Amino acid sequence: MNRRRMLALLGLLPVAAVALPVLKSLSERGRPRRVRPAAGFHDEYFPNVVLRTHENRKVRLYDDLLRGKNVLIQFFRTDRRDGRSVAATENLLKLQKLLGDRCGRDAFLYSFSLAPERDTPARLRAHHQEHRVGPGWTFLTGSPRNLELCRLRFGFAPPARRPGRDRAEHSNIVLLGNEPHQRWMASAALTRPEVLLDQLNRVAGLKA
Amino acid sequence: MAGWKQRLAETARRNRVELVEAKLSRRDLFKLGLLTGSGFLVAKLGLSSRAGSKATVASPATTPWVEELPIPPVAHPCDVAQLGAAPSMDANLMAGEGARAAHQYWTPLDPAGTDFHLLENRVTRLRWHRELPTDDGWCFNGMFPGPRIHARAGRPVLLRVRNLLPTLDEHRGYGRPTTATHLHGGHTACESDGNPCELLEPGLWKDHLYWNARAGFTQPPSSPSRGGDRTPCTLGYHDHCLGFSAQNVYRGNAGVYHLFDEFDTGDENDLSPSAWRLPSGAFDVPLVLHDRVFDAQGKGYFDLFDLDGVVGDKLTVNGRIQPFMRVARRKYRFRLHNIGPSRSYDLCLSNDLAMVQVAQDGGFLPEPRAVKQLRLAVGQRTDVILDLSRVAHGAEFFLLDRPEPSGPANQLLQLRLDGALETNGDPSRVPDRFFDETPVDPALAVATRTFEFGRMDGAWSINGKPFDPNAMLATPVRGTAEIWTFVNTSSGWLRAVHSHLEGHRVLSRNGKVVAADESARADVLGLAPGESVRVLRQFRDFLGPYPTHGLDAVTGDQGLMFMWRVVT
């Protein structure tokens, strides 16, 4: 956007201040919003929405997936045409191997679907099996609204979707988190697995 | 009362959503200055940027210009005995020093020729504004900014950092209490550099040895890689913990370090013929710029899930929100340093007074230049001289952040001219010229390398690969020079990169030769999206691993970094 256009838009602001709220109020109803928790990033921040695992188990985001855990969060596509998601899955498989039996015990890997309309639990299960994913790494789907809310809370989505920005916007990022300590950092999904393990250990507090 | 505020916030949020959907990015909004220091201008327009930047509430209101600007006191060196265990070449693990490589060029330090400083990194109650409750910070010697260290070229400083922060297990909330104290802009050996991958655990201490020598100091005087170099002037130390440096700096883990030499002597009365006599003492003022967000209780708030960068709606200078400063009718040297986390400033003065810029990112310009506006990205420093000798008694004017020349502005600092304040007769001077810059000689280079910074689906890459602390992307030989081309193919947030060990000289920007000012030595390189910049880099004196990285919360901590190693 050039400066002139921005300034022209700015000129419209007083008008917008009056007119837009009226126009927007209907379309925005029900749109998920960011929240700022007063007591840290725990249950007040993470919505306890219901999700479905690749095993078609019903789980709640906060109670079952996050509370008290060290986690790796990723948003992914099961669509094989998307080479990047496949590369990320293969990379995280190597991380899972490095974690060994710690995976599912003191670190949990979660892949949230970017296409929940299409990704049924059965479809996720097929994808899970196809890649020979071991225990401790859960694929997740659910209602599009709930998945959108998860995406928003983890920071993978802008507050309002802009035209031209698709859901994969931050899909190459993984979040590494230690929920009880509120220690979170971002890394790249394609980071060398040994480095990801090191970062996960640092977030978990197992390594200085 | 709450009703209209809520309605205003709601209007603001909706309008912001509309603007976002009109494809105005957040960067555009900040550029347009839709965010004032107090937050009120945008609120009036119904455009609270915080509403759009993912929070639903802005920081509590604070009254501007009621807090006096604190000036970080100059730290007095301590006696070597006060440090505890004597400094040693190898890390003194038995006495509680954290692991590090041996100090390079170690000879037992002459206590009479070395300044020893002890910095305790500890939990500190910070008061950003009298109308807010105290905030929990992690600060050096319990103050923010940390103590101002005055160092002198050629005289080493041994800085012992003692980490008294809570343990990893004890601490809850943003920040990571394992630290790596980096001297930003220093010519420092790897073991003292604050390498982001080498962290100091709570309970331990570490010695950082700063030679305060010009790059090339170990070369024979006849060597072509010696000479022509300058002493960096305005530096700062801050935490560099990998993945958490922005969070830790946001906790207050940053301080001020000024380096003087035979030209910039720090004495405006200096009769030595080499002395420039820039304003000194009380008239040489560090201004550390840092933007923050506060929650409804008035505690510092860091959004751990804002992958697009944390931008504060409270602008602080030297640890106070919108302070005032009483100034005398004379010349001042202001050393501006933006410590982030993400905001860039376009600085100017409300009374249209020219600022005479003398240094940028540690390096003096060949000659002073009068400017009306200065861009200051995260990590950047700029030194300006303000001549207030013709400002009327009682005049009040402001240091502003004005992104567009005719647009609205954020007010950072109020300056009140007090004609009764002592001027010391203002013996300070501003030379017409500081030095003749030696031409950059690309023929010095023995290798050329290209580093392309990209961002795909949110993740940074360097030459197509994510950050790997063990991968050395370059292994320059000590004492040599190389041409590095930095290319920014990301469309996003990257604005500048910073390399440790030594500054650079810009050869060309997007294929065009740059002006003398820009080719002066500096340690932060402006690199806008789409740009390609060739620089000459030298690798003198010290061996070991060093990083090159982005400087704000969205870049350096999210993997916009690569390591390189100087080898023999």
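**Strands, a helix and a sheet**

Modeller: Let us start with one pair of residues. A:T53 stands opposite A:L140 in β5(A). Keep in mind that this is a predicted model.

Biologist: What makes β1(A) and β5 of chain A a pair of strands?

Modeller: Pairing needs at least two bridges. Two bridges join β1(A) to β5 (residues 137–141) of chain A.

Biologist: What lies between the two strands of the hairpin formed by β1(A) and β2(A)?

Modeller: Four residues separate them. A:N56 sits in the turn, with a positive phi of about 60 degrees.

Biologist: Why is the span of helix α7 of chain A called close to the expected one?

Modeller: The helix, residues 193–204, has twelve residues. The expectation is 1.5 Å a residue, which comes to 16 Å. From first C-alpha to last, α7(A) reaches 16 Å.

Biologist: Which residues of α7(A) are called buried?

Modeller: To be called buried, a residue needs 20 or more other C-beta atoms within 10 Å of its own. Among those that qualify are A:L196, A:L197, A:L200 and A:V203. A:Q199 and A:R202 are also on the list. The buried residues pack against β3 (70–76), α4 (83–99), β6 (173–178) and β7 (183–188) of chain A. After the helix comes A:G205, with a positive phi near 85 degrees.

Biologist: Now chain B. What makes β3 and β5 edge strands in the sheet there?

Modeller: The sheet is open, with four strands in the order β3-β8-β7-β5 and mixed pairing. β3 (146–152) and β5 (181–184) each have a single partner strand, so one side of each lacks a neighbour in the sheet. On average, neighbouring strands are turned by 20 degrees against each other, direction ignored.

Biologist: How do you know that β5(B) pairs with β7 of chain B?

Modeller: Four bridges link β5(B) to β7 (residues 234–239), in the antiparallel sense. At least two are required, so the pair qualifies. One of the links joins B:T181 to B:D239.

Biologist: How many helices and strands does chain B have?

Modeller: Six helices and 30 strands. Of its 568 residues, 56% count as buried.

Notes
Residues are numbered from 1 along each chain as its sequence is written. Chains are lettered from A and ligands numbered from 1 in the order in which they are written. This is a predicted model: local features need pLDDT of at least 70, side-chain atom pairs count only at pLDDT 80 or more; totals for chains, interfaces and linings use all residues. The expected span of a helix is 1.5 Å times one less than its number of residues. A residue is buried if 20 or more other C-beta atoms lie within 10 Å of its own, exposed if 12 or fewer, and partly exposed in between; C-beta atoms are placed from the backbone. Two residues are in contact if their C-beta atoms, placed from the backbone, lie within 7 Å. Axes are lines fitted to C-alpha atoms, for helices over the stretch in contact, and angles run from 0 to 180 degrees between N-to-C directions.
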